[in-house]
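Trainee: Could you show me how to read sheets and helix packing in a model like this one?
Mentor: Gladly, let's look at it together.

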Amino acid sequence: MRTHTLPSPTRVRNLGILAHVDAGKTTVTERFLYLTGATHKQGEVHDGTTVTDFDPQERDRGITIFAAAVSCDWDGHRVNLIDTPGHVDFSDEVERALRVLDGAVAVFDAVAGVEPQSETVWRQADRHGVPRIAFVNKLDRAGADLDTAVESIRTRLHTVPLVVQLPIGREDGFTGVVDLVRLRALVWDGDGGPYVEGPVPDDLLDEVRRRRRRLEETVAELHPTALEEFCERSALGEETLVSALRDLTRDGEAVVVLCGSAYRNRGIEPLLDAVVAYLPAPPDVPPVRGTLDGVTQERAADPDEPFTALVFKVNSTATGRMTFLRVYAGTLRKGDTVLDATARRTERVGRILRVQADRNTEVDEARAGDIVAVVGPKAARAGATLCAPGAPLVLEPPSTADPVVSVAVEARRSLDTDRLATALARLTEEDPSLVVRTDPETGQTVLSGLGELHLEVAVEKIRRAHGLDVAVGRPQVAYRETVSRGVTGLLYRHVKQDGGSGQFAHVVIDVAPLEAETADGDFVFTSTVTGGRVPQEYVRAVEAGCRDALAEGPLGGHPVTGVRVTLTDGATHTKDSSEMAFRTAGRFALREALRASAMTLLEPVAEVTVTVPDSAVGAVLGDLAARRGRVSDSTARSGTAVVTATVPLAELFGYASRLRSRTQGRGTFTSRPTGYAPAPAASAG
């Protein structure tokens with residue numbers, strides 16, 4: 001079946017569902033699809049019947065692993081929705097999704113409030129400037145409390161929550177909400193049917209008036225037009241309040257908070273209404289920016305502009321290769337030839353698909369604001385820009401996190417070695433945060449990723465999708481080296497004469513630890529050379545040579561980080577000096593300087609949040625101490641304890657099974673990388 005009617009870009013919403021693992025993201029997505037008529041049966045995570053968690057591993061593990069795109073229609077608007085993973089090991093999937101979204105719904109557990117991965121995805125959305133609304137889920141659970149969850153949003157996410165609903169009933173007795181904007185009660189019956197609208201219950205009238213007043217005062221403090229009306233009338237009308245909430249959401253100055261229970265089908269329709277009312281359409285966000293030959297250009301979300309799209313996901317299926325696009329400008333039609341501006345090659349679009357997770361509907365065209373999949377491009381990678389051949393433009397690709405964990409992989413049968421290489425190549429094409437390399441010393445194939453579960457899923461995908469029997473080594477973490485005490489005045493002369501033009505470069509450098517994090521991350525190069533003793537083009541060559549030297553440190557050949565290098569003096573030769581000579585001098589000078597410096601080995605560390613019964617706290621604290629963990633916080637919460645600690649990543653391998661055994665299966669934990677810290681007994685001078 002083909003759909004020919006495409007909505008105007010102003011009636012499109014591109015949003016993601018963001019949350020900590022198990023907060024209910026996928027259930028919210030399933031309810032969206034059911035209520036909008038996109039599906040005719042409600043899928044459940046625990047039954048393995050959800051639309052978006054369609055991969056066998058997702059159904060086996062009960063978590064979202066791969067970002068899944070779906071489309072549905074609500075109140076005359078097309079909603080393109082991406083259900084993102086909540087586990088930290090798959091945060092790169094979230095990063096790629098956020099790059100192409102205009103808005104997001106952040107889902108929070110009404111019992112736990114803001115959890116560690118909630119903070120991580122919130123910060124990711126901050127970096128991309130993605131407007132959000134919040135949905136406090138699971139209000140039907142024992143211990144659920146909207147006010148406590150909202151306070152955690154305020155204090156931990158440093159935003160202004162604007163609560164627009166009041167729950168009717170608590171925990172098991174939660175039956176509906178009062179809409180504080182339109183001052184009406186919405187009550188759902190027990191069988192998951194539509195809500196019944198009615199007046200505010202008498203016993204809640206005073207509380208509703210108090211909360212509406214607080215909402216108006218907070219909005220007036222933040223919004224000039226609302227303040228003007230509030231000063232004149234000492235109140236805000238519904239139209240002014242809705243308009244101000246929309247502006248504050250889209251500007252990122254506040255976050256509208258709704259509540260409900262997705263599992264029980266309560267609160268979903270108002271959430272869909274809020275998506276349409278408050279989150280931006282493609283024309284509401286600034287025009288996308290790209291570069292062409294170093295010149296920045298903008299393209300507006302207009303179907304008549306030159307076609308411009310960003311590839312954010314590639315998926316190889318049994319029926320071929322699907323390339324997922326966000327169309328920022330112009331119109332794409334079936335059969336069009338487009339330019340991959342990143343790789344400078346042309347590709348032909350054979351089919352355009354409106355995606356429904358693992359199902360899809362073929363359409364004839366996609367316009368500005370759309371999120372679609374196309375079949376036809378053979379080589380476009382995630383992050384590539386596809387555009388009209390006559391109007392090339394390169395958009396900024398999504399950033400990719402550096403791998404922190406590696407495993408050696410090999411086929412158990414030598415006959416399967418080539419098939420394994422093909423499978424690994426396909427894996428890295430689909431997931432750019434996976435890196436494959438060959439260890440120069442052992443000759444082993446090494447697969448690197450963002451965590452133990454990330455690699456476990458990748459290896460299992462090779463086994464299932466390609467039918468390969470693969471042997472996997474013990475995980476290894478990615479170490480770094482840094483300078484703890486530097487050197488000054490290190491002189492290096494690079495002189496080479498072997499007939500014809502020679503090479504001559506004379507440099508003097510200082511090396512010191514980089515105390516504060518800088519915009520460049522972990523390396524700063526400066527020059528204090530005066531009098532033109534080293535021309536500027538040679539200074540840049542010395543910097544390039546120093547960057548080359550950072551690839552391998554003296555302790556164990558690990559990358560070097562946190563270094564400040566200053567070029568203090570140098571000399572040139574009229575004939576034999578060149579940029580290549582000074583680059584070589586810079587490389588060898590820094591290598592010598594690092595060997596002469598006091599160096600420290602750094603290991604990746606993670607913040608771990610462990611939730612265990614009170615009776616198991618002692619055993620868990622002892623185990624964390626044995627793993628070199630430093631406890632930073634411990635709080636009690638209704639019969640359970642929540643312990644937060646910083647633990648070396650290498651010590652977390654196998655921790656899940658150890659925790660289960662120490663807590664009779666009742667303990668859970670989450671972790672998120674927090675950077676690097678000195679490894680014990682690893683300094684060299």
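Mentor: We will go through some sheets and then a pair of helices.
Mentor: This is a predicted model, in which local features need pLDDT of at least 70 and side-chain atom pairs count only at pLDDT 80 or more, while totals for chains, interfaces and linings use all residues. Residues are numbered from 1 along each chain as its sequence is written, and side-chain values use heavy atoms, with hydrogens and water left out.

Trainee: How are strands of a sheet held together, and in what order do the four strands of the open sheet with mixed pairing lie?
Mentor: Strands of a sheet pair through backbone hydrogen bonds, either parallel or antiparallel. Here the order is 31-32-35-33. Helices (H or I, at least four residues) and strands (E, at least two) are DSSP runs numbered from the N terminus, and two strands pair if DSSP finds at least two bridges between them. Strand 31 (487–496) and strand 33 (523–527) each have a single partner strand, so one side of each lacks a neighbour in the sheet.

Trainee: How many bridges join strand 32 and strand 35?
Mentor: Eight bridges, in the antiparallel sense, link strand 32 (residues 503–513) with strand 35 (residues 563–571). Val508 has Asp569 of strand 35 as its bridge partner. Helix 12 packs on this sheet, touching strand 32, strand 33 and strand 35. Helix 13 also packs on the sheet, touching strand 31, strand 32 and strand 35. Contact means heavy atoms within 4.5 Å.

Trainee: At what angle do helix 12 and helix 13 pack?
Mentor: Two packed helices are described by the angle between their axes and the distance between the axes. Helix 12 (residues 536–549) and helix 13 (residues 579–596) pack at about 40 degrees, with axes 7 Å apart. Axes are lines fitted to C-alpha atoms, for helices over the stretch in contact, and angles run from 0 to 180 degrees between N-to-C directions. The two helices are therefore oblique to each other (under 35 degrees is roughly parallel, over 145 roughly antiparallel, 65 to 115 roughly perpendicular, the rest oblique). Residues in the contact include Tyr538 and Ala541 of helix 12 and Phe582 and Leu590 of helix 13.

Trainee: Is strand 38 largely enclosed or open, and why?
Mentor: Eight of its nine residues (640–648) are buried, so strand 38 is largely enclosed by the rest of the structure. Buried means under 20% relative accessible area, exposed over 50%, partly exposed in between (1.4 Å probe, protein chains only). Nine bridges join strand 38 to the antiparallel strand 36 (residues 598–613), and seven bridges pair strand 38 with strand 37 (residues 630–637), also antiparallel. Ser634 stands opposite Val643 in strand 38.
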